[in-house]
Every structure is written in C-alpha cells, then in structure tokens.
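Please examine the sequence and the structure shown below.

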Amino acid sequence: MANGTAAPTDLDTRLEAHRTELTGYCYRMLGSSFEAEDAVQDTMVRAWRSYDKFEGRSSLRSWLYRIATNVCLDMLTAGNKRARPMDLTESTPLAQAALSPRPDNTWLEPMPDARVLPTTGDPAEAAIAKESVRLAFMAALQQLPAKQRAVLILREVLAWKASEVAELLGTSVASVNSALQRARATLAERQEPGAEAAVSDPLDEDQQKLLDRYVAAFEGYDMTALTALLHEDAVMTMPPFDLWLTGTRDITGFMTTLGAPCAGSRLVPVQVNGLPGFAQYKPDPEKGGFTPWAVQVLEISDGRITGFHCFLDTQRWFPLFDLPLHLEAETDQVEQGA
C-alpha cells in the first residue's frame, strides 16, 4: 500500500528524525560540513517530492540512505578529495614557514558533534560513531573511491548487513564484500603511527586535567608549560594555509613569532569531530574584548597532545558551532550556544 497519504506535518517529523544520522553519513562521505548539510537538505527535498512513489518495500530510513548515497555520489563525481595539510605537503621547518592559503574545497572540514552524532544509549555504538568522524579517520576515508567509501561507512560504522548494502547500492553481496575488503586494505596501509586519538567518552580524570593545563598554558601563552603538554612529534595545522609544523620547538617557535598576536587569547570548549576542542578568541585591539580566531581540534595520545589543528575561517566555523562573534573584555568564559 502506498504511503503518499501521510499528512505533511507527520512526514516532516518522520524525515527530520533522521537528519542528524544522515548528516553524519554525508559528512563522512564528503569530508565537508557545509556540503554534508546541503546533501541532507537535498535528500529531504527529494524524499518529500517522491514520497507518493515510496511503497514501503524498505524502511523509511533505508530509503533515505539510498537517496543520500545517490546525492553524495553525484557530488563526488568531480573526484574532489578533502585533505589535511600533511596529506598534501611535507612538514615545513619554522625558518621557512610561509602562510599560503588554498581554496576552501581543498580541506577536510571540522564538524560539531551535535550535528552528526545521534544520541544513543549504547556506549560501544557511541564510541564507533565518534571514532569514525575523527580527523585521521576522515582523512583516510577520502583516499577511497566513492563507492568503497559508502560500503565501508555502511558496513563498519552503521553496521548494515552486506545484503542491505547490496540492495541500497543496486549490486551483489559479493561485490559489497570485495569493496569492503579493498577499503579495509587501503585504510590499513594508510594507518599512521599515533593516529589513534586515545580519548575516552566522557573524558577521564587525567585527560580533563591535561585539557585544563592546556587552557592555562595557552591563555597564559606559557611556552614552557605548553611544551610539557605536547608530544615531541606533535603536529600543528592551520587550514586554509597549507603550512604544517611538527615538533615542540617549531610549534612554540611559530606561536611566539608569526603567531604572537594570539597572546592573551581566551578559549571556549567545543565538542568537535569526536574530540576535545576549543573556540579561540584573540584580543581585539580595535573594539576591545576578543574576536574569533580559530576552532582548535586536539588529538591526545598517551597523556600528551599529538595533534593541534586550528581552523581559521571564523566567519564559517563560529556560526556553525553557534558561537558568538565577539567576547567582552570582562568575559573569561562563555557558554556555547544552544
């Protein structure tokens, strides 16, 4: 029996119930927060327009995933791969550091947890979801052909059966299993030392203390204290610039030279890509108070910070995270917006 008789408000509610998980799926496919949200909106519009043709042979959720997959595959036909700076260039010594921007569509983009991680009561399921939006995993996904990417996400992250994925993609179970095997092999080859961000959910006491010490060191611009928190091979990136630095000496050296205007900054906690992060506001010499500068994403392993990633396009990122575009001088902390 056709389901086209659903009332508009009822259909809106049923579609919206899947928005967060679909956004997470499209984000993993596309590597872009804004493209993911556009893809989900396109999916919703297509579903609304063709709902009278949906005959209920599959669940509404499966049908929406089929539409979302087709939308993403169409968007990926140009072959664009999102990347991190270290995927494109060699590490730059501080003495040769130059800030050269690349176009927005070059970069893997950050994403607020709340937009891509559905609420679940299953800790194991929640852990897999968080791990699968972390920057290292997302960058590895970008190396896969689009259909292999879809198969890996559906099978490994969303725990779909091979037969369900085959039906969604209009292919055979054997083809799905072969694509999954190839995808796993590619990811295994790309596994980087220390790529596993050892962050518990919620943060354990030691991790929280590490973050507290990081905030104190960064806001105090205390390079000695910061050095003690960074892994000796820590990496710092700053999209949209392709420069990336490795090692405590070059990172702290950058912060006290080209990055010196960040002294006196304030940090506001954010949940981003399944990892701890902060919105950085630096002093505003014209208006007073603090002006947005970066969304920082931190990777932690073995009690040290191994990755320090600063996304600098504040006009895009701060509204995405519902963050204010100015902090008053007397405001040391601010609640993240709803």
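What is the order of the six strands in the open sheet, and what is their pairing? The order is S2-S1-S6-S5-S4-S3, and the pairing is mixed. This is a predicted model, in which local features need pLDDT of at least 70 and side-chain atom pairs count only at pLDDT 80 or more, whereas totals for chains, interfaces and linings use all residues. Residues are numbered from 1 along each chain as its sequence is written, and side-chain values use heavy atoms, with hydrogens and water left out.

**Terms**

- Helices (H or I, at least four residues) and strands (E, at least two) are DSSP runs, numbered from the N terminus.
- Two strands pair if DSSP finds at least two bridges between them.
- Axes are lines fitted to C-alpha atoms, for helices over the stretch in contact, and angles between N-to-C directions run from 0 to 180 degrees.
- Contact means heavy atoms within 4.5 Å.

- Thr-237 has a partner on either strand: Trp-244 is its bridge partner in S2, and His-309 stands opposite Thr-237 in S6.
- S3 and strand S4 (residues 275-283) run antiparallel and are joined by seven bridges; Leu-267 stands opposite Gln-280 in S4.

**Helices on the sheet**

- Helix H12 (residues 205-219) lies across S3, S4, strand S5 (290-301) and strand S6 (304-311), and runs at about 140° to S5.
- Helix H14 (residues 248-255) packs on the sheet and touches strand S1 (230-238), S2 and S6; the direction of H14 makes about 45° with that of S1.

**Helix pairs**

- Two packed helices are described by the angle between their axes and the distance between the axes.
- Helix H2 (residues 19-30) and helix H3 (residues 33-50) pack at an angle of about 130°, their axes being 8 Å apart.
- H2 and H3 are therefore oblique to each other; angles under 35 degrees count as roughly parallel, over 145 as roughly antiparallel, 65 to 115 as roughly perpendicular and the rest as oblique.
- The crossing of H2 past H3 is right-handed; a crossing is left-handed if the near helix is turned anticlockwise from the far one by less than a right angle, and right-handed if clockwise.
- The H2 side of the contact consists of Arg-19, Leu-22, Thr-23, Cys-26, Tyr-27 and Leu-30, and H3 contributes residues including Ala-36, Val-40 and Met-44.
- By class, this contact of H2 with H3 has eight nonpolar, three polar and three charged residues (Ala, Val, Leu, Ile, Met, Phe, Trp, Tyr, Cys and Pro count as nonpolar, Asp, Glu, Lys and Arg as charged, and the others, Gly among them, as polar).
- The axes of helix H9 (residues 146-157) and H10 come within 10 Å and cross at roughly 145°, in a right-handed crossing.
- Val-151, Leu-154 and Arg-155 of H9 meet Ala-162, Val-165, Leu-168 and Leu-169 of H10, a contact with six nonpolar, no polar and one charged residues.
- Helix H10 (residues 162-169) and helix H11 (residues 173-190) have axes that come within 8 Å and cross at roughly 105°, which makes H10 roughly perpendicular to H11.
- Here the contact is made by Ala-162, Ser-163, Val-165 and Ala-166 of H10 with Val-173, Val-176 and Asn-177 of H11; five of these residues are nonpolar, two polar and none charged.

**Loop residues**

- In the loop between S1 and S2 lies Pro-240, and the peptide bond from Pro-239 to Pro-240 is cis, with omega near 20°.
- Asn-273, in the loop between S3 and S4, has phi near 50°, a positive value in a residue other than glycine.
- Pro-261 is placed in the loop between H14 and S3 and touches Lys-282 and Pro-283, residues up to four places away in sequence not being counted.

**Confidence**

- The mean pLDDT (the predictor's confidence in each residue, from 0 to 100) of the protein is 90, and 92% of its residues reach 70 or more.
- Over residues 331-338 pLDDT stays under 50, and the model has 13 contacts beyond four places in sequence for them.
- Where pLDDT is low, the predicted coordinates should not be read in detail.
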